[in-house]
Amino acid sequence: MTINCIAVDDEPLALAQISNYISHIPYLNLVAQCRDAFEATDFLASNNVDLVFVDINMPDINGVEFVRSLSSCPYIIFTTAYSEYAIEGFKVEAVDYLLKPYTQADLLQATEKVRRRIESTATPASDDSIFIKCDFRTVKVRLSDIIYIEGMNEFVKIFIEGEDKPLIPLLSMKRLEDSLPRSLFMRIHKSYIVNLNKVTDIQRQRIVFGNVFIPIGDSYKDRFTEFINSKVLK
């Protein structure tokens with residue numbers, strides 16, 4: 001398993017330290033170091049990230065405000081030198097809170113929580129189904145019945161054919177995307193994954209499912225267009 005992560009901190013020394021700690025944890029892959037919330041937001045808009053290490057006390061936009069602003073939120077581990085921010089951190093359902101100065105062991109303990117959550121939430125059942133843990137139960141879902149998936153902070157909504165309400169497990173979009181066959185599902189927006197077999201109507205860069213209009217993001221447009229063009233009769 002590889003967990004893609006970014007580190008966000010306005011202090012260069014703190015950023016260097018956490019980057020060094022991350023490099024010693026085999027399953028972590030540090031894909032970006034960001035000096036503020038704006039840089040991190042831009043990176044997350046076009047890249048798949050499972051975990052964000054973010055300092056709370058930053059100028060302009062603090063870490064808590066940054067996390068609340070995300071439409072599709074990875075797992076979060078807050079880092080800060082101020083213990084009074086702990087309650088605010090857990091209000092946005094962060095996995096853990098590291099008080100500076102923390103050790104390599106402290107960071108490893110926090111990331112192990114993320115690893116266990118990722119491993120336990122979505123479990124392959126067979127080639128045509130998947131197990132989803134949701135609402136204190138485990139549900140077997142046929143892949144062919146999934147219409148589309150919407151990301152919402154640390155949760156996702158899985159819309160299933162014939163069901164009035166979606167399943168809403170605690171699960172990152174990246175983790176779910178990695179669990180689904182690429183031949184059947186495609187991420188077409190940072191907040192949406194669609195079942196390609198369910199796509200029957202496309203209007204003005206949007207996929208239409210009944211009364212629901214799903215936007216096709218600029219970062220995903222070329223891949224989706226290539227798929228559609230391969231199916232167009234010529």
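In what order do the 5 strands of the open sheet stand, and is their pairing parallel or antiparallel? I put this to the model, which is a predicted one, and I found the order S2-S1-S3-S4-S5, with parallel pairing.

**Entry on the sheet edges.** I next looked up which strands stand at the edges, and these are strand S2 (28-34) and strand S5 (96-99). Each of them has a single partner strand, so one side of S2 and one side of S5 are left without a neighbour in the sheet. From one strand to the next, I noted a twist that averages 20°.

**Entry on S1 and S2.** I then turned to strand S1 (residues 3-8), which runs parallel to S2 and is joined to it by 6 bridges. Within this pair, I found Ile3 opposite Leu28 in S2.

**Entry on the cavity.** About 50 Å³ of space lies in the largest cavity, and its lining is made by Glu177, Leu180, Pro181, Arg182, Phe185, Met186, Arg187, Ile193 and Arg223. Which strand gives the most to this lining? I found that strand S11 (residues 185-189) does, with 3 residues. Sorting the lining residues by kind, I recorded 5 nonpolar and 4 charged, with no polar residue among them.

Notes
Residues are numbered from 1 along each chain as its sequence is written. This is a predicted model: local features need pLDDT of at least 70, side-chain atom pairs count only at pLDDT 80 or more; totals for chains, interfaces and linings use all residues. Side-chain values use heavy atoms; hydrogens and water are left out. On a 1 Å grid over the protein atoms alone, a cavity is a set of points where a 1.4 Å probe fits but cannot get out, and a pocket is an open set with protein on both sides within 12 Å along at least five of seven lines; lining residues have an atom within 4 Å of a point. Grid points are joined across faces, edges and corners, and a volume is the space filled by probe spheres set on the points. Helices (H or I, at least four residues) and strands (E, at least two) are DSSP runs, numbered from the N terminus. Ala, Val, Leu, Ile, Met, Phe, Trp, Tyr, Cys and Pro count as nonpolar, Asp, Glu, Lys and Arg as charged, and the others, Gly among them, as polar. Two strands pair if DSSP finds at least two bridges between them. Axes are lines fitted to C-alpha atoms, for helices over the stretch in contact, and angles run from 0 to 180 degrees between N-to-C directions.
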